[in-house]
Amino acid sequence: MTVDSVVRGTGPDPRVEAEVRGAALGQLLAGGPLAESVHVVLVLVVAALVWNSLPLARTFGWVGAVTAAAALRTWWRLGLGRRAATPEQALRGVRLTVAGVGLAWGFGAAAAIPELGVDQAALILVVLAGIVAGATGTLVGDRRSFRYLLITSLAPLPFGILLQGHSRIHWIAILLIALFAWGMDRVHRRAHRTFAERVRAAALLERSTQELARQHAYLDALIASTPVAIAVLDDRRSVRSVNAAFEALFGYSAAEVVGAGIDGLIVPEALRSESTELETRVRRGETVRVEIERMRKDGRRIQVRLSAAAVKAAADGALVALYEDISDRKAAEAAMREARDLAERVARARSAFLANMSHEIRTPMNAVLGFVELVLDTELAPEQRRALELVRTSSEALLTILNDILDYSKIEAEHLELESIPFDLPKVVHATATLLAVRAREKHLELTVDVPPEVPQMVRGDPTRVRQVLMNLIGNAIKFTEQGEVDVSASVIARDGDEAAVQFRVRDTGIGISAEQRGTIFQEFTQADASMTRRYGGTGLGLAISRRLVALMGGELAVTSEVGRGSEFTFALTFPLEAGGQATARATVSLGGRRLLVVDDNETNRRIVRDMLGAEGMAVHEAPRADAGLEALRRAARAGAPYDLAILDAQMPDQDGFELATAVRADRALTETRLLILTSAGQRGDGERCRQLGIQAYLTKPIARADLVEAVGTVLAGTASAPGTADLVTRHSIAESRHALRILLAEDNPVNQQVATAMLLKRGHHVDVVSNGREAVDAVARERYEVVLMDIQMPEMDGFEATEKIRALSQGRTLPIIALTAHALSGERERCLARGMSGYLAKPFKAHDLFAAVEGRGAQAPDTEAASSPAVDLAGFRRSMEEAGAAEAVDGILETFVATLPQRLEALVAAAGGTEAEPLERAAHAFKSAAGTIGASHLAALLEDMERAARDGDLAGARNKLEHVRGEARAALDYLRTATKGGKDG
């Protein structure tokens, strides 16, 4: 077995095996001088033994051969140092010289044995056995060298022995030689294996020692060069070693800290107990990471991040602590906090400025628009009406600009908060387009809306902002299109579980936008070019705001356009789908006789609300401050006549509307009082704040009369909400819940057509227009309508004849038909009802009157039974006054009754809250007389019962009838307000 085979058998690291081969070669060469000398000495001894037994020539030849072989080996070994031989070449030389020595001994002995006696031959065999035995040590490094010696020295002997004789002793000698050779081979094999393993183990140990030393040196260098300060502590918290970063951080040298306690070096006195607790946690096996203060040698305190852990491999309880200087980071954090605090103060100041500016501008704007609307409800000359309409239009334009600037400022300040409420998406798209339909019709443009059925109906998001973006895009499309069409569409582009991505598109056939201009149209205060501002007007903020709003809602506003062919704006928004069906219409109630408290520090605002809602029959009271308003609410509750609703201004000195609402909700006596907030400067989070306070409605000023009346009616139709559960009424929620009606307008006057159509379209209704009664009949036969507005005097067929023919149709029997007439004569309403019409509206009518007539009757068929038994027998009252020759006083009397009814009802409520029966008896009697005079028999009967109970001293029984009286009074008021429109507006 050779060195190579041993190496291949073990198969370890080649570098280690190379060292094994080198050691074997060195061992072979190191034993050379001694072996060569021994061979010469032994051959001389053998020559002396056989001197007289062998011929001299043979003796000298044997001695010469062995000596020559030994000398050759010596010469080769000495010359090896001068030759650049490889280990393989040196090994081959060793093997050849060993084989030469073995041949000299073996053939010499084989030639000598036949001439010698048995005893002399035995001595020669002993010498050869000694040589072979010695070779197991001198040739232990190479199996092949030993085998060469073993074979060459022992193989010739059997031939010499057999030449001497063939006796049993000769065969035994040959057998012993063979056994000896086998035994020596086994011995050498074991010795060689032991040698190789010893050399390999020594080499591996040396390499492991070197690798360990290298790793220690690398670790020491790594620790020394790491930028983090490191200290190794023993179980007594003394420093065992530190690195250069520790010295640089804390200002100590290694000699100063090694062996010293860590607490005395770097831990401030006040923090040493905390340091001990940290060490305890580390000893329990926890890795501690804390930001803490430590002390330098010069006494300066520094902020560090300490990371400490136990050295698990160490049996002496060593700890390693890392200190990272975070002073710069802490300073940066402090600077960032200061910058953040400054930014928040600036943002708060900016928000406060925006709120104040909005309040200061909207307050006079509210007065202007409110009074204009109130004046427009009075008798005016045509020139006066045109001038006021111009004032209203200009004011609304100014308000739009103001809203744009405030919205942009809020977006810039990141103070614009998006709502997340359920809304009807198709209705928002249709209603937005409907609001702009009048402008499109004025320019003779085709405005189309396409919302396919797959678009989800109820989604969750911010409908106000969606509507605002669509209003800007559709408004721009109409503004920049002179002929052709504007197409608005919404389509689903992706659905994922309970979400849907909807793409909105507004396309026009207008002037288009060039490639150069498309890069700037989304910039603030920018239009395609300066001439457009002069020609079309506008602030240039609409698209900038739209782009920001779309981005806030998670989309991107894009445009494609070609000059002269039009533009297309698109954006996609993802909406969570809202479980449930279609948005339900909100219920409303009559406002007649309801008690209202307006709390506002601005007298003009209070007067506008008083005039708007007082005209609806509400008893309106006022308070100029929050504390006065709270006291008025409590006083009314103590008197047993609580206010049905309190309208609070959000911006008031000392105590604002939200603080007042908090106080109201904290008073158990006022839990049934409903609350409505009016604000001129909406703030982020106001909606959620209203819900948490149990406020039922939140509206922004200035507000149109129709919207205010509808909001108040909606609030009063509901119940007072507990905080956190309020279903907030807003302008959007009212518009969403409003039932869009399909209306047929039969009117031959183009101006009247335009006025009524504009009002109804803006309200969100769908309107078809015909010019005479015959066309109206054909239209009803062809289409399904929910309301018909019928002018009385029209060519070809008047309104009465058209109504008769419509009633003859199956779909026209219960169809609400409201008469439009310019006659202001007494009895005109009765004449219209007698001819089959459902209602009556005198021209010129106001927007809120038109909405009340249409929406109050459009949702259901006329109640013929109720019509036959009205709350007030107005026809009977008129007949009795005509018989007395005072027919011209009827309308004045009715107007007086309508104007004084809220005060009479309030006096009745106040008397019922007292402890004496007589005031209640007097109030009921006076009210009964007035009601009986005009023919309100149901109301008069109830008041008579109340009067009788009070006269009999049954105060509780009289009070129990109060709610019935209030309900009948409201019914009478509603009936009279509708019935006297002609006379009042005449």
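Predicted model: local features only at pLDDT ≥ 70, side-chain atom pairs only at ≥ 80, totals over all residues.
Reader: Why is the pair of Trp51 and Phe60 called edge-to-face?
Author: The planes of the two rings stand at 85 degrees. The centres are 5.5 Å apart, and a pair needs them within 6.5 Å. The structure holds 8 aromatic pairs.

Reader: What makes Trp51 partly exposed, and what makes Phe60 exposed?
Author: Trp51 has a relative accessible area of 39%. That value lies between the limits of 20% and 50%, so Trp51 is partly exposed. Phe60 has 53%. Exposed means over 50%, so Phe60 is exposed.

Reader: Why is the pair of Phe246 and Phe250 called tilted?
Author: There are 45 degrees between the planes. Stacked needs under 30 and edge-to-face over 60, so the pair of Phe246 and Phe250 is tilted. The distance is 4.8 Å centre to centre. Both residues are buried.

Reader: How are Phe246 and Phe250 placed in helix α10?
Author: They sit 4 residues apart, about one turn of the helix. An α-helix has 3.6 residues a turn, so residues three or four places apart point the same way.

Reader: How do you know that Arg281 and Glu286 form a salt bridge?
Author: The N to O distance is 2.8 Å. The limit is within 4 Å, so the pair counts. By this rule the count comes to 46 salt bridges. Arg281, at 27% relative accessibility, is partly exposed. Glu286, at 33%, is partly exposed too.

Reader: What makes Glu291 and Arg329 a link between distant parts of the chain?
Author: Glu291 is in strand β3 and Arg329 is in helix α14, 38 residues apart. Their side chains meet at 2.3 Å, N to O. The cut-off is within 4 Å, so this is a salt bridge.

Reader: Which strands does the salt bridge of Arg505 and Asp487 link, and are these residues buried or partly exposed?
Author: The closest N and O atoms of the pair are 2.9 Å apart. Arg505 is in strand β10 and Asp487 in strand β9, 18 residues apart. Asp487 has 10% relative accessibility, and buried means under 20%, so Asp487 is buried. Arg505 has 22% and counts as partly exposed.

Reader: Which residues are linked in a network of salt bridges?
Author: Arg606, Arg607, Arg610, Asp611 and Glu622 are.

Reader: How do you know that Arg595 lies over the face of Tyr643?
Author: Arg595 is at 4.4 Å from the ring centre.

Reader: What is said of phi in Arg237, and is Arg237 buried or exposed?
Author: Phi is near 65 degrees, a positive value in a residue other than glycine. Arg237 lies in the loop between β1 and β2. Its relative accessible area is 14%, and the limit for buried is under 20%, so Arg237 is buried.

Reader: What makes Asp654 exposed?
Author: Asp654 has a relative accessible area of 82%. Exposed means over 50%, so the label holds. Its place is in the loop between β15 and α24. Asp654 has a positive phi of about 70 degrees although it is not a glycine.

Methods. Residues numbered from 1 in each chain as written. Heavy atoms only, no water. Phe/Tyr/Trp six-rings, centres within 6.5 Å; stacked < 30°, edge-to-face > 60°. Buried < 20%, exposed > 50% of the residue type's maximum accessible area, 1.4 Å probe, protein only. Helix = DSSP H or I, 4+ residues; strand = E, 2+ residues; numbered from the N terminus. Lys NZ or Arg CZ within 6 Å of the ring centre and 35° of its normal.
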